Amino acid sequence: MRSIPRAISWVQIAVFAIYFTLPFIALSAMPVEQVNGQYVTQLGEDPPEGFKNDPVLGLVENLGISGTVLDVLKVYVGILAATILFIATNAGVIGASRITYAMSHYRQLPELFRRLHPRFKTPWVSLVVFAGVAPIVVLIPGQLDFL
C-alpha cells in the first residue's frame with residue numbers, strides 16, 4: 001500500500017510544476033506590454049487579435065513552431081482540452097450525487113436522494129437526477145432560443 005501515497009506525492013509535484021511553469025512559458029511566448037498606459041498581452045485580448053477564448057492555443061501558436069509539428073500540437077491541445085473538460089464534468093456529476101446523498105443523510109434534502117442501489121451501493125437517484133435530468137433542464141432553454 002505504499003504506492004498510493006507515492007502516487008499522491010507525484011501528482012502534487014506534477015500539479016505544482018504545471019502551476020508554476022505554465023505562466024512562465026506563457027509570459028515568455030507572449031509577454032505583457034505597456035500600450036497607452038495599460039499592461040496588455042494577446043492572451044487577454046479578444047479574437048481575432050488575441051486569444052482570450054483559448055489562451056493555450058495562443059501559446060502553442062506563438063512558441064516559434066511551424067509546419068506539421070504546429071498542426072499536430074493544435075490537434076493535441078484540442079483533444080487534451082476536451083478530455084480535461086470531460087473528466088471535470090464527470091467529477092462534478094459524481095461529486096454532486098455524493099453531496100446530495102450526504103445532505104439527505106442529514107435531512108437537508110428529501111430522503112429519496114439517500115436511496116442506494118441494491119447491487120452497486122451508490123446513490124442512484126441522485127446520480128439519475130444530476131447525470132440525466134439536470135443536463136436536460138439546462139439544455140432545453142438553450143434549444144428554445146433556436147426556434
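Me: Why is Ser104 called buried?
Reply: Its relative accessible area is 1%. The word buried is used under 20%, so Ser104 is buried. Keep in mind that this is a predicted model.

Me: Where does Ser104 sit, and what does Ser104 touch?
Reply: Ser104 belongs to helix α3, which covers residues 68–105. Setting aside residues up to four places away in sequence, Ser104 touches Leu109, Pro110, Phe113 and Arg114.

Me: What makes the pair of Tyr101 and Ser104 a polar contact?
Reply: A polar atom of the Ser104 side chain lies 2.8 Å from the backbone oxygen of Tyr101.

Me: Is Thr100 buried or exposed, and how do you know?
Reply: Thr100 has a relative accessible area of 6%. That is under 20%, so Thr100 counts as buried. Thr100 is also in helix α3. Among residues beyond four places away in sequence, Thr100 touches Leu109, Phe113, Ser126 and Phe130.

Me: Which residues make up the largest nonpolar core?
Reply: There are 5 residues: Ala26, Met30, Leu43, Phe51 and Leu59. What makes them a core is that they are buried nonpolar residues joined through side-chain atoms within 4.5 Å. Take Leu59 as one of them: apart from neighbours within four places in sequence, its contacts are Leu22, Ile25, Ala26, Ala29, Met30 and Leu43.

Me: How do you know that Gly64 is exposed?
Reply: Gly64 has 74% relative accessibility. Exposed means over 50%, so the word applies to Gly64. You will find Gly64 in the loop between α2 (55–61) and α3.

Me: What makes Lys52 and Asp46 a salt bridge?
Reply: Their closest N and O atoms are 3.7 Å apart. The limit is within 4 Å, so the pair qualifies. Side chains of opposite charge can pair when their charged atoms come close.

Me: Why is neither Lys52 nor Asp46 called buried?
Reply: Lys52 has a relative accessible area of 48%, and Asp46 has 45%. Buried needs under 20% and exposed needs over 50%, so both residues are partly exposed.

Me: How many salt bridges does the whole structure hold?
Reply: The search finds 4. One of them joins Glu61 and Lys74, with the closest N and O atoms 3.4 Å apart. Glu61 is in helix α2 and Lys74 in helix α3, so this pair ties together parts 13 residues apart in sequence. Glu61 is partly exposed at 30% relative accessibility, and Lys74 is partly exposed at 31%.

Me: How do you know that Glu111 and Arg114 form a salt bridge?
Reply: The closest N and O atoms of Glu111 and Arg114 are 3.3 Å apart. That is within 4 Å, so the pair counts. Glu111 is exposed, because its relative accessibility of 52% is over 50%.

Me: What makes the phi of Arg107 worth a look?
Reply: Arg107 has a positive phi of about 60°, although it is not a glycine. Most residues other than glycine have a negative phi. Lys121 also has a positive phi, near 55°. The loop between α3 and α4 holds Arg107, and Lys121 lies in that loop too. Arg107 is exposed at 64% relative accessible area, and Lys121 is exposed at 56%.

Me: What kind of peptide bond joins Pro47 and Pro48?
Reply: A cis peptide bond, with omega about 10°. Most peptide bonds are trans. Pro48 is in the loop between β2 (38–40) and α2.

Me: Why can Trp124 belong to a surface patch?
Reply: Trp124 is partly exposed, with a relative accessible area of 36%. Patch residues need over 30%, so Trp124 passes that cut-off. Trp124, Val128, Val133 and Val137 form the nonpolar patch, with about 350 Å² of accessible area together. Trp124 is in helix α4, residues 124–144.

Definitions and conventions
Residues numbered from 1 in each chain as written. Predicted model: local features only at pLDDT ≥ 70, side-chain atom pairs only at ≥ 80, totals over all residues. Heavy atoms only, no water. Patch = residues over 30% accessible without salt bridge, like charges linked within 9 Å, V, L, I, M, F, W, Y side chains within 5 Å. Areas by Shrake-Rupley, 256 points an atom, 1.4 Å probe, with all protein chains shown as cover. Salt bridge = Lys/Arg side-chain N within 4 Å of Asp/Glu carboxyl O. Helix = DSSP H or I, 4+ residues; strand = E, 2+ residues; numbered from the N terminus. Buried < 20%, exposed > 50% of the residue type's maximum accessible area, 1.4 Å probe, protein only. Polar contact = N/O pair within 3.5 Å; in protein donor to acceptor, adjacent residues only side chain to side chain. Contact = heavy atoms within 4.5 Å.
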